[in-house]
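Please have the viewer open as you read.

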Amino acid sequence: MISIPMAIVPFDRSVLKVNQAILMTGILVGYVAGLAYHPIAYVIPLLAVMMLAAVASPSLNMPRLLYLRVLKPSGIVKPRVVQEDPAPHRFAQLVGAIFLTAASVFVVTGVLLVAWVLAWIVAALAFLNFAWNICVGCIMYAQLVRMGVLPLSREPAR
Amino acid sequence: MILLLAPLIAFVAIGGVALVLRVQRGGQRELVGSVVETSRTNSRLPSILYFTGENCTICHTAQRPALRALASGIDSNLEIREVDIAVEPELARRYRVMSLPTTIVLDADGQVTEINVGFASSDTLRRQLVGAGMPVAA
């Protein structure tokens with residue numbers, strides 16, 4: 001029988017959903033507009049900065065702030081609090097940030113095809129998580145923890 | 001106009017990864033309906049094999065409490081066997097465990113009836129145990 005008590009962390013998935021919605025919208029609109037006017041590809045570095053900031057600190061997480069200050073109080077987005085470990089989701093965000101940062105480098109150097117391929121990968125993965133809760137970054141996280149590459153995390157939700 | 005290829009290339013790349021994951025999990029799905037492990041107790045009741053590991057965060061924060069809630073909510077003497085893949089790698093290999101946590105529901109004959117890759121809630125496991133023949137009070 002199981003006997004080791006462990007704390008379950010409350011975690012609001014709506015923050016992630018807002019983040020994914022912003023990513024998908026930004027990349028889709030930026031791509032379509034960018035076909036006609038290439039400099040719009042600079043939306044990718046903007047999204048990269050947004051993701052990196054979100055990973056760095058909750059106070060810099062713009063989708064979270066948008067959700068907490070506007071979308072949640074107005075009732076546009078309902079809270080979806082679940083009991084789970086937020087660490088895999090933060091890792092997934094970091095992976096998205098890395099992809100977008102790499103894409104940003106290609107934007108700056110003018111290799112727009114590679115930039116948009118990387119951005120579309122992020123958008124597609126965001127869609128998988130948004131629509132079906134399939135978190136590829138979380139799967140990667142689990143595998144890396146299992147291999148001992150990443151340490152066990154006990155950080156609180158944010 | 002070469003930029004029109006960007007979404008296509010991205011989707012092909014993701015599709016390839018998804019295909020690999022599907023093949024890996026499909027191999028485990030083939031175990032449903034078969035008896036893999038024979039060293040279980042003779043409880044003559046369905047049981048759960050719970051694959052975990054020291055570094056599995058979600059195992060400790062979510063899956064284990066869910067199993068505790070499940071065990072406390074079932075009148076029968078539910079057998080939950082916790083398997084640390086570092087201690088029993090051979091058993092994990094035989095059940096083709098690819099990620100943690102993994103919970104496997106066995107019926108009274110030790111036949112695999114359900115495989116949950118990732119977190120499985122106590123409600124899900126309870127439903128699966130009933131499906132495997134566990135007598136549970138309504």
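A:Pro10 sits in strand β1 (residues 10-12) of chain A; strands are DSSP runs of E with at least two residues, helices are runs of H or I with at least four, and both are numbered from the N terminus. This is a predicted model, in which local features need pLDDT of at least 70 and side-chain atom pairs count only at pLDDT 80 or more, while totals for chains, interfaces and linings use all residues. Residues are numbered from 1 along each chain as its sequence is written, and chains are lettered from A and ligands numbered from 1 in the order in which they are written.

A:Pro10 counts as exposed because it has 12 C-beta neighbours inside 10 Å. The cut-offs, with C-beta atoms placed from the backbone, are 20 or more other C-beta atoms within 10 Å for buried, 12 or fewer for exposed, and partly exposed in between.

In chain B, B:Val87 lies in the loop between β2 (79-84) and α3 (89-94). With 11 C-beta neighbours inside 10 Å, B:Val87 is exposed.

Two pairs, by C-alpha distance:

| Pair | Apart in sequence | C-alpha to C-alpha |
|---|---|---|
| A:Pro10 and A:Pro86 | 76 residues | 8.7 Å |
| B:Val87 and B:Gly53 | 34 residues | 8.8 Å |

Now to a helix: α2 (residues 43-56) of chain A has 14 residues and reaches 20 Å from its first C-alpha to its last, close to the 20 Å expected at 1.5 Å a residue. Which residues of α2(A) are buried? They are A:Ile44, A:Leu47, A:Ala48, A:Met50, A:Met51 and A:Ala54. Seen down the axis of α2(A), the buried residues fall within an arc of 160°, so they line one face of the helix.

Notes: The expected span of a helix is 1.5 Å times one less than its number of residues. The arc is that of the directions from the helix axis to the C-beta atoms.
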